Amino acid sequence: MRVKTYGSIYIGTYETSLRIYEVKKDQGLRVIDDLRKPVSVGHDIYTSGNISHETMDSIIDSLVDMKQALEEYRIDFYQVYVGYAVGKAANFLILSDRIRLKCGLFVKLLTNSQQRFYNYEALAALPEFSRMTESSALLADIGGSSIQLTLFRDGKLLTTQHILFGAASVRENLISLAQKADAREQVYEMILKETDTFFNMYLKDRKPEYLILLNDNFNNVLSLFSENSKLQKAIEKKDTVNFLNRIGSLNFFRNTFEKFGIEDPDGMVLPFLLVYKALIMQTDCRKISSPGISIHDGIIYHTLYNTGTLRSSHDFDKDIISAAYFTAERFGSYQPHIKMMDKISTAIYDAVAKRSALPRRCRILTRVIAILHDCGKYISLSSAALSSYTIVMSSEILGITHAERKLIALVIKYNHKSHFTYKDLKDDLSEDDYVIFLKLLAILRICNALDSSHKQKFKDMSIRLRNDTLYITVSSQQPLNLEKEYFSEKGQFFFDIFGIRPEIKDKKEF
């Protein structure tokens with residue numbers, strides 16, 4: 001079997017890096033080279049909002065070397081990605097253009113949702129991942145510009161929360177407070193403050209057994225102290241705390257580098273150490289693990305899964321649905337209703353998808369829409385749809401992209417709007433996405449009509465498509481007058497969009 005080689009270049013807020021892998025089908029990955037160069041993107045954006053010419057030159061110089069390495073290895077396939085935080089620079093497009101002109105490379109800008117999910121795909125490929133999440137676990141994906149925390153319980157993904165405060169932010173605060181004797185203590189307190197709300201809101205009555213630190217920088221830090229394999233597998237929290245105290249004493253690593261004779265060329269070791277310690281000390285987790293997953297691992301796994309070179313044993317769709325139900329429960333949605341909506345919407349999608357050319361991915365989006373369509377009632381009964389839109393757009397669901405989240409939110413927002421055109425949504429959706437939007441909206445509306453009383457009046461239901469009619473046959477011991485009235489109204493919209501006439505039949509009528 002021929003071994004294929006893959007390359008991944010990543011431009012982040014504090015370093016530009018290249019990782020080269022060799023891959024055998026169904027045998028996983030092996031890293032054969034790893035190149036890194038510090039950059040000051042995070043500092044530039046923090047201080048001016050732009051990437052300086054000096055930083056651009058440094059990035060381009062490193063990319064020239066990395067492209068040469070790709071050619072020397074005769075890489076079969078490679079990609080160049082830019083972290084979502086770098087894309088916030090006002091002159092990011094200038095950087096992108098210079099990279100294309102001087103390096104012949106075309107960069108892809110990751111959204112936060114993509115970046116975190118890629119990392120998660122790589123983590124889920126590890127055999128110990130399932131064991132840790134089957135109990136309970138807190139996943140901390142720590143980046144230069146932000147931290148994303150994901151909570152698991154009984155094998156289910158409950159929630160994901162994004163915090164805009166990362167290691168690069170810590171570094172900038174350390175620089176600004178450099179003249180103060182207690183600078184590191186102050187910054188440590190800042191980290192605790194930024195993450196405290198999550199711990200009080202989601203972990204107050206929960207004590208996850210595992211804390212998983214999803215960033216290879218902790219392993220890089222450990223390697224500086226000849227401890228690089230210490231957290232590859234979960235160890236007791238007390239052992240991790242003892243290690244952190246040993247390398248940094250009790251004064252937040254004040255003399256660490258002098259004590260061990262370590263150089264910190266990019267100035268990021270201390271910031272990451274402070275973030276790691278804050279998260280470890282805040283949790284009541286019994287065990288800590290840092291498997292050394294990097295964004296490069298995530299990029300390659302995502303590529304291999306999409307091309308069918310490797311198959312994942314993890315059910316990512318299950319995570320999405322679990323997180324959607326947790327969000328709905330948190331905002332007081334009536335569970336029997338949304339479970340019925342989930343069931344009906346899935347059945348209708350399955351009946352019409354092939355005829356209407358709805359992408360397979362829309363099946364999971366249809367379910368999320370059904371589960372979250374009412375969550376805004378927790379905030380406002382009079383503006384429920386708009387409130388639901390706001391909740392969805394503010395909620396990270398691991399596995400749903402930003403564009404998909406926008407589509408879900410818009411379908412929910414327009415659920416009760418009678419008149420609108422593409423002109424109202426052209427800033428948010430392409431013409432092709434608008435057509436998909438209409439189809440998902442039609443499914444939502446007819447599903448809502450079928451349980452308009454919120455009483456789940458029928459238990460038995462069959463849905464089948466014959467010619468141009470969608471027959472929905474139900475059995476109920478209660479009158480369906482309200483459901484039939486709403487169904488007639490929403491059915492016309494469904495027919496206008498799909499060209500399929502929905503028809504409800506009560507078995508009592510036969």
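Modeller: Happy to. Ser322 counts as buried because its relative accessibility is 14%; buried means under 20% relative accessible area, exposed over 50% and partly exposed in between, with a 1.4 Å probe and protein chains only. This is a predicted model, so local features need pLDDT of at least 70 and side-chain atom pairs count only at pLDDT 80 or more, while totals for chains, interfaces and linings use all residues. Residues are numbered from 1 along each chain as its sequence is written, and side-chain values use heavy atoms, with hydrogens and water left out.

Ser322 sits in helix 13; helices (H or I, at least four residues) and strands (E, at least two) are DSSP runs, numbered from the N terminus. Setting aside neighbours within four places in sequence, Ser322 is in contact with Lys156 and Leu157, where contact means heavy atoms within 4.5 Å.

On a 1 Å grid over the protein atoms alone, a pocket is an open set of points with protein on both sides within 12 Å along at least five of seven lines, a cavity is a set of points where a 1.4 Å probe fits but cannot get out, and lining residues have an atom within 4 Å of a point. Grid points are joined across faces, edges and corners, and a volume is the space filled by probe spheres set on the points. The largest pocket holds about 350 Å³ of space. Its lining has 20 residues, and Phe117, Glu121, His302, Asn306 and Phe316 lie nearest the centre. Helix 4 (112-124), helix 12 and helix 13 (316-330) are the elements that give two or more residues to this lining, with the largest share, five residues, coming from helix 4. By residue type, the lining of the largest pocket divides into seven nonpolar, eight polar and five charged; Ala, Val, Leu, Ile, Met, Phe, Trp, Tyr, Cys and Pro count as nonpolar, Asp, Glu, Lys and Arg as charged, and the others, Gly among them, as polar.

The lining of the largest cavity divides into nine nonpolar, 14 polar and five charged residues.

Helix 12 deserves a stop of its own, at His296. His296 belongs to helix 12 (residues 295-307) and counts as buried because its relative accessibility is 2%. The side chains of His296 and Ser17 are joined by a polar contact of 2.7 Å; a polar contact is a pair of N or O atoms within 3.5 Å, where within protein one must be able to donate a hydrogen and the other to accept it, and residues adjacent in sequence count only if both atoms are side-chain atoms. Not counting residues up to four places away in sequence, His296 touches Ser8, Ile9, Tyr10, Ser17, Leu18, Arg19 and Tyr21.

The nonpolar interior comes next. A nonpolar core is a set of buried Ala, Val, Leu, Ile, Met, Phe, Trp, Tyr and Cys residues joined through side-chain atoms within 4.5 Å. The largest such core has 98 residues, and Tyr120, Ile348, Leu372, Phe437, Leu470 and Phe494 have the most contacts inside it. Helix 18 (residues 431-450) gives this core its largest share, 13 residues. Apart from neighbours within four places in sequence, Ile348 is in contact with Ile443, Ile446, Cys447, Ile463, Leu470 and Phe494. A second, separate core has 43 residues, including Ala183, Tyr188, Phe272 and Leu279.

Most residues other than glycine have a negative phi. Ala357, in the loop between helix 14 (335-356) and helix 15 (362-372), has a positive phi near 60°, and it counts as exposed because its relative accessibility is 63%. Asn467, in the loop between strand 12 (458-466) and strand 13 (469-476), has a positive phi of about 55°; Asn467 is exposed, with a relative accessible area of 61%.
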